[in-house]
Amino acid sequence: MTDPARLKIFSGSSHPALAKAIAQHAGVPLGALRVTRFSNENIKIKIDENVRGCDVFVVQTSASPLSDHIVELLILIDALKFASADRITAVLPYFPYARSDKKDEARISITARLMADLLETAGADRVLTMTLHSPQIMGFFRRPADQLLATPILKEHFRQGDLSNSVVVATDAGAGKIAGHFAKRLHLPMAVIDKRRVDDSEKAIGVDLIGEVKDKDAIIYDDEIATGGSIAEAARILRDFGARKVRVGVTHAVLSGPALERLRDAALDELVVTDTIPVADEKRRALPNLKVLSTAKLFADALTRIHEGQSVSAMME
Ligand code: R5P
């Protein structure tokens, strides 16, 4: 049973709107705290209510200014730990440095693992996150971690339209697994783009397509849009191969660098993302086909289940 006196949800500064919506769905008020930023850029956090013996969830996503938000999260967790919170769960809708998950070059840091270490050192007992860039990131935690997928939310959206002539498309072989999962959920075939990255410039080049898309409505499915290069290239290749419509379903709308321009030029029929990262009004205005779906209920259901000791994976089945 949910115990509203013991269940507490606090928000960092990265995405207060999502934290508030999660708290509303969970039926508890957001926890009170004060953040002060000093002239020397030091951050002070004061928890303004008693958390002794409480089951505390801290919502902080990976959004700009990223480094500031990471440090703020660590300080917030530390403050809660020393205020005698019983258990602290870091709720990270978009996990920081998720793409830095492997040592694919000499002398580089696997920074997603470092993030996991820092969370643990600060005092996080658990992690709740959504659609990791790769599932092995779960192995970086030495504490329980739950990964939600945006699949049910995106599936619900696309199911509202006619899917009889559709195909799910993965932007590259790496995205094949999650795209395959999505295709299976929608009972659709899938295709995969052969995408190559040449260097660290974040430029992606699509070179071929495996599967049948001619005269079909393509739904590109991916974990995130950063600079928009992968989606723009996928849209170009799909049109070259004769796709009729190009729609996109993505969990994390990073929308960095030239993303807006690229996505506008890609003339997508629909671009559907979730709110794991705040999408500013000017970005919404720049992309008229953009739809932002809420993840708040899914997070609220998950943290309520964690609080009550119920299965979280059952929600994804
Ligand atoms: C790549 O491995 C990911 O799944 C995404 O396709 C990628 O992060 C998107 O980046 P961008 O929008 O910069 O091409």
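1. R107 is placed in the loop between strand 5 (87-92) and helix 3; helices (H or I, at least four residues) and strands (E, at least two) are DSSP runs, numbered from the N terminus. Although R107 is not a glycine, its phi is positive, at about 55°. The structure is a predicted model, in which local features need pLDDT of at least 70 and side-chain atom pairs count only at pLDDT 80 or more, while totals for chains, interfaces and linings use all residues. Residues are numbered from 1 along each chain as its sequence is written, and side-chain values use heavy atoms, with hydrogens and water left out.

2. P65 belongs to the loop between strand 4 (55-59) and helix 2.

3. Which residues lie closest to the ligand? They are D222, D223, T227, G228 and S230, out of 15 residues that surround the ligand (a heavy atom within 4 Å). Strand 9 (190-197), strand 11 (217-225) and helix 6 (229-240) each contribute at least two residues to this shell. Strand 11 has the largest share, with four residues.

4. The shell around the ligand contains seven charged, six polar and two nonpolar residues. In this classification Ala, Val, Leu, Ile, Met, Phe, Trp, Tyr, Cys and Pro are nonpolar, Asp, Glu, Lys and Arg are charged, and the others, Gly among them, are polar.

5. The side chain of T227 has a polar atom 2.5 Å from an oxygen atom of the ligand, and a polar side-chain atom of E224 is 3.1 Å from a ligand oxygen. Of the 380 Å² of accessible area that the ligand has on its own, the protein covers 94% (Shrake-Rupley method, 1.4 Å probe).

6. The ligand takes up space in the largest pocket (more than half of its atoms within 2 Å of the grid points). On a 1 Å grid over the protein atoms alone, a pocket is an open set of points with protein on both sides within 12 Å along at least five of seven lines, a cavity is a set where a 1.4 Å probe fits but cannot get out, and lining residues have an atom within 4 Å of a point. The largest pocket holds about 1300 Å³ of space (the volume filled by probe spheres set on the points). Its lining has 41 residues, and R99, D101, K102, H133 and D223 are the closest to its centre.

7. Helix 5 (176-186), strand 9, strand 11 and helix 6 each supply at least two residues of the lining of the largest pocket. Strand 11 gives the most, with four residues. By class, this lining has 15 charged, 15 polar and eleven nonpolar residues.

8. How many cavities of 30 Å³ or more does the whole structure have? The search finds three, and the largest cavity has a volume of about 80 Å³. Among the 13 residues lining the largest cavity, H69, I70, L73, L92 and P96 are nearest its centre.

9. Helix 2 (66-82) and helix 3 (111-122) each provide at least two residues of the lining of the largest cavity, and helix 2 gives the most, with five. This lining has no charged residues; nine are nonpolar and four are polar.

Methods:
Polar contact = N/O pair within 3.5 Å; in protein donor to acceptor, adjacent residues only side chain to side chain.
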